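Hi,

Here is the structure I promised to pass on to you.

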Amino acid sequence: MASVKVAVRVRPFNQREKDMNAKLIVQMDGKKTRLHTVKSSKEQNEGSREKYKDFTFDHSYWSYDSEDNHYASQEQVFSDLGLEVLDSAFEGYNACVFAYGQTGSGKTFTMMGSPESQGLIPRICRQLFSRVMAGKESGASYRTEVSYLEIYNERVKDLLSTDAGHSLRVREHPKLGPYVQDLSKHLVSDYDDIQECMHRGNLQRTTASTQMNDVSSRSHAIFTITFVQASYLRHNNMPSETVSKVHLELTLTSHWLLLAQLYQPWQNPVSLWKFDRQRLKRMYSYRTETPS
Ligand SMILES: Nc1ncnc2c1ncn2[C@@H]1O[C@H](COP(=O)(O)OP(=O)(O)OP(=O)(O)O)[C@@H](O)[C@H]1O
């Protein structure tokens with residue numbers, strides 16, 4: 001799998017754009033995105049040739065019109081991008097998906113979606129737990145923790161803490177790299193637990209109405225799933241543990257929605273650690289805390 005993938009997605013016009021009689025200047029076909037330049041009135045009078053620029057991405061998603069046969073659905077985005085992230089996590093790699101774009105460009109829709117049209121994050125979480133259930137039946141053990149933070153006005157807020165008003169510090173660990181000090185982690189045992197955490201965190205997010213979006217999340221948000229798999233090594237039957245992190249982010253900036261995965265510093269395969277059986281047993285005897 002390529003270490004970084006980039007996709008762009010076009011959303012339908014919003015009411016403001018319809019009221020302005022905005023002209024659609026984007027065309028998409030497979031991986032290709034074509035941007036037409038808007039002709040000046042002089043150029044229109046002179047009948048000058050149409051100018052355009054082509055760009056190639058890993059995926060160009062046409063979601064301008066849901067009635068159109070080419071409409072790129074949430075399901076398609078998940079099967080192209082989400083499934084690979086899950087495969088990586090189960091292979092022991094860290095992975096990241098982030099949506100990048102101007103306010104109102106469709107980041108929340110792609111990442112979170114709505115109850116009728118779920119986005120990447122709920123689909124990734126649901127699929128993660130289906131695979132965990134299947135793995136448990138074949139004897140593996142798993143532990144999954146989530147954290148959810150928001151960066152707004154240079155302040156880092158823990159969206160799952162009871163003290164969400166408190167600003168946290170970003171620190172650098174000599175071996176593990178940057179981390180957020182005191183960010184709460186919540187043990188989750190099934191999709192309902194994770195959904196409850198997401199819902200609770202979303203309620204804490206800073207939102208406001210902008211000209212581009214009635215319900216605009218005014219911040220950068222990162223939902224992290226830490227996923228630990230424990231099993232016995234085949235060749236010597238020693239217990240081993242693999243830790244993977246999946247970062248799912250929404251970034252507010254610029255003009256394009258961009259999804260990327262496996263970027264620095266999380267792109268290296270995580271190492272396998274060997275534990276003695278007692279320690280492993282202790283780790284997995286934790287009672288699962290149901291988030292309140
Ligand atoms: N692919 C899509 N198909 C249908 N509707 C979409 C699509 N993408 C976005 N929308 C709609 O466009 C509006 C703005 O999208 P969204 O809230 O996801 O933007 P955003 O980039 O997260 O904005 P902000 O940064 O301000 O929070 C919403 O009403 C959303 O439902």
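**The hairpin, and what else turned up**

Strands E10 (residues 170-173) and E11 (residues 177-180) run antiparallel and are joined by four bridges. Strands are taken as DSSP runs of E with at least two residues, helices as runs of H or I with at least four residues, and both are numbered from the N terminus. Two strands count as paired if DSSP finds at least two bridges between them. E10 and E11 make a hairpin, with three residues between them, and His173 has Gly177 in E11 as its bridge partner.

Two points on the source. The model is predicted, so to speak of local features a pLDDT of at least 70 is needed, side-chain atom pairs count only at pLDDT 80 or more, and totals for chains, interfaces and linings use all residues. Residues are numbered from 1 along each chain as its sequence is written.

Overall, the protein chain has seven helices and 17 strands. Of its 292 residues, 27% are buried; buried means that 20 or more other C-beta atoms lie within 10 Å of a residue's own, exposed means 12 or fewer, and partly exposed is in between, with C-beta atoms placed from the backbone.

Now to helix H6 (residues 191-204). Its 14 residues should span 20 Å at 1.5 Å a residue, and the end C-alpha atoms are 20 Å apart, which agrees; the expected span is 1.5 Å times one less than the number of residues. Asp193, Ile194, Cys197, Met198 and Gly201 are buried in H6. Seen down the axis of H6, these buried residues fall within an arc of 135°, so they line one face of the helix. The arc is that of the directions from the helix axis to the C-beta atoms. Asp192, His199 and Leu203 are exposed on the other side of H6.

Helix H3 has a kink of about 35° centred on Asp80, where the bend is the angle between axes fitted to the seven residues ending there and the seven starting there. Among the buried residues of H3 are Val77, Phe78 and Leu81. Gly92, which follows H3, has a positive phi near 95°.

Finally, which residue between E11 and strand E12 (186-188) is worth a look? Asp182 is in that loop, and its phi is positive, about 65°, although it is not a glycine. Asp182 counts as exposed because it has 12 C-beta neighbours inside 10 Å.

Best wishes
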